[in-house]
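Student: Please take a close look at the ligand site in this model. I would like the contacts first, then the pocket around them.

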Amino acid sequence: MMATGAAALLAPRSTKAAESRIEILVNEPIGQISPDLYSHFVEHLGGVVYDGIWVGEKSKIPNYNGIRKDLVDNLKKLKPGVIRYPGGCFADQYDWRDGVGPRDQRPTRVNFWADTHYKTTKAYEELEGGPQKYESNHFGTDEFVSLCRMVGAQPYLAANMRSRDVRVFLEWLEYCNAPANLTTWSTERAKNGYPQPHNVQFWGIGNESWGCGGDFTPEEYATEFRKFTAWLPTYGLQLKLIGSGPNGGDLNWTRKAFEGLALKGSRQIAKLYGWGLHYYCGSTGQQVANEFTENEWYDLLERANRMESLIESHWQVMGEYDRERRVKLAVDEWGAWHKQDPDVPPAYLYAYAGTLRDALVSALNLDTFQRHADKVAMANPAQLVNTIHSMFYTYEDKFTVTSNYHVFEMYGAHAGATAVRTDFVAPKANFTRLDAQRKETPASLWGLNGSASVKDKQLVLTVVNPHARDARETEIAIRGGAIKSGKTRTLTSTDLHARNTFANPHGLEPKDGVVSGSGSTITFTFAPASVTRLVLDLS
Ligand code: AHR
């Protein structure tokens, strides 16, 4: 099932003198770090739902009411904020009514992904009759909400704006949130074993409406958004609506959509809780996850780093219309998107186990969101299991956590704390990029970057050292506080391609240590190709 992997890059290592510096300004708050920055995404795509999550109650694979036990037990440890479902592009072909009621009576449909994506490939023939091609609807709203409850996350449902009308959306709201046995749909919910409302607050109004979600123009989307969200029943909840935001750097989408909402007054913009931004730093189908050169190591990290300018530029445009800054960004799809592992069955679309490089992509993104705690309310890597930038990798009774999982475990320490200004000075990492014409161009990435937060006299600092070979001896200065003691946790390897596989599930794991030194300045050496967390107790 697993690829054997590319030859290990055993880089010669050296330690530079203390040429780097991090200054943490404890008294310069940025904003509170939303626990929803550590959210997730589940779509009916490849092996995400069927096999990754849903194995069925009668499966020999250990499960809780049909949901894979290993996944629940490990996901719970990450304290996930929100889980988004059922897509993605799948959401705009989905009718939620197919996925409720007795399982043996639910209809079977052709899955959007199998029908549109695979059709031209050999894989389509190989899919046979599995649920990845013929959606059994055995996992639907109730099973999804059960998963959320098991792991302590809030459900986030995406409404179908392309192929179902407003009424279907309103009935879904009613099914989820109306009081027990008071309406037709809440009676149906009770009949299905869920008398208490699901209390779903987060609702996505479409997904990628500029593409698979309807091919709308931003002006058309604004009109549809107003229609879908006019006079929504709240059932006593504060609904948190998320708009289908831009594809990467498409500022025109943000500008014109906000302009279109504002046509009917600023109240329309204020309906939004979040504006969804999607950005994948690794493009579809180019290379498998564990085959890359040292230059390609940097190349991907530099592309991931573009998240910062995306956040800043969309935020600026949003502010032209939302002067009171009521709407935050929800980066509800992000990650490195590699080619499917050739050893994975075709039904597991875009499945692979990420490497150390993907772990750095995770850390770099989470640091970016944390640095912009005042702007980003939610972030969800795509996707939870077996697809793209996943936390888990499964195949039948096999299960492993991926490199990304460890970063989420480390970074969760920031949740709910106050992000504070942190300045990094370090020599840049230089590399060579091959452009589309295979011409070599010089490129660079910062030498160290990260984020810091403070809560109850505890300072958490997370740092990425992207350099493949050089450790960075670094002076860390705390302005406005002094360190009593501290602990470290580092994820790194001498092999840039290190990862966890079924055969070697502990191939990449963080290691703990203690901080030596105290006071307002300490020295710490960041290992090459590493993600480090320092938890510092302040006096
Ligand atoms: O995450 C996979 C797909 O990427 C999602 O369905 C879609 O929204 C995006 O294009």
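Tutor: This is a predicted model. Glu333 has a polar side-chain atom 2.7 Å from a ligand oxygen. For Glu43, the distance from a polar side-chain atom to an oxygen of the ligand is 2.6 Å. On its own, the ligand has 280 Å² of accessible area, and the protein covers 93% of it.

Now the shell. It holds 14 residues, with Glu43, Cys89, Glu208, Tyr280 and Glu333 the closest. By class, eight are nonpolar, three polar and three charged.

Next, the space itself. The ligand takes up the second largest pocket. This pocket has a volume of about 280 Å³. Its lining counts 21 residues, and Cys89, Trp113, Glu208, Tyr280 and Trp337 lie closest to the centre. Helix H2 (112-117) and strand E11 each give two or more residues to this lining. E11 gives the most, three residues. The lining divides into eleven nonpolar, seven polar and three charged residues.

Strand E11 (272-282), helix H10 (294-304) and strand E17 (429-434) supply at least two residues each. H10 has the largest share, with five. The classes here are five nonpolar, eight polar and eight charged.

How values were computed. Residues are numbered from 1 along each chain as its sequence is written. This is a predicted model: local features need pLDDT of at least 70, side-chain atom pairs count only at pLDDT 80 or more; totals for chains, interfaces and linings use all residues. Side-chain values use heavy atoms; hydrogens and water are left out. A residue is near a molecule or strand if one of its heavy atoms lies within 4 Å of it. A polar contact is a pair of N or O atoms within 3.5 Å; within protein, one must be able to donate a hydrogen and the other to accept it, and residues adjacent in sequence count only if both atoms are side-chain atoms. Accessible areas come from the Shrake-Rupley method with a 1.4 Å probe; for residues, only the protein chains shown count as cover. On a 1 Å grid over the protein atoms alone, a cavity is a set of points where a 1.4 Å probe fits but cannot get out, and a pocket is an open set with protein on both sides within 12 Å along at least five of seven lines; lining residues have an atom within 4 Å of a point. A molecule sits in a cavity or pocket if more than half of its atoms lie within 2 Å of its grid points. Ala, Val, Leu, Ile, Met, Phe, Trp, Tyr, Cys and Pro count as nonpolar, Asp, Glu, Lys and Arg as charged, and the others, Gly among them, as polar. Helices (H or I, at least four residues) and strands (E, at least two) are DSSP runs, numbered from the N terminus. Grid points are joined across faces, edges and corners, and a volume is the space filled by probe spheres set on the points.
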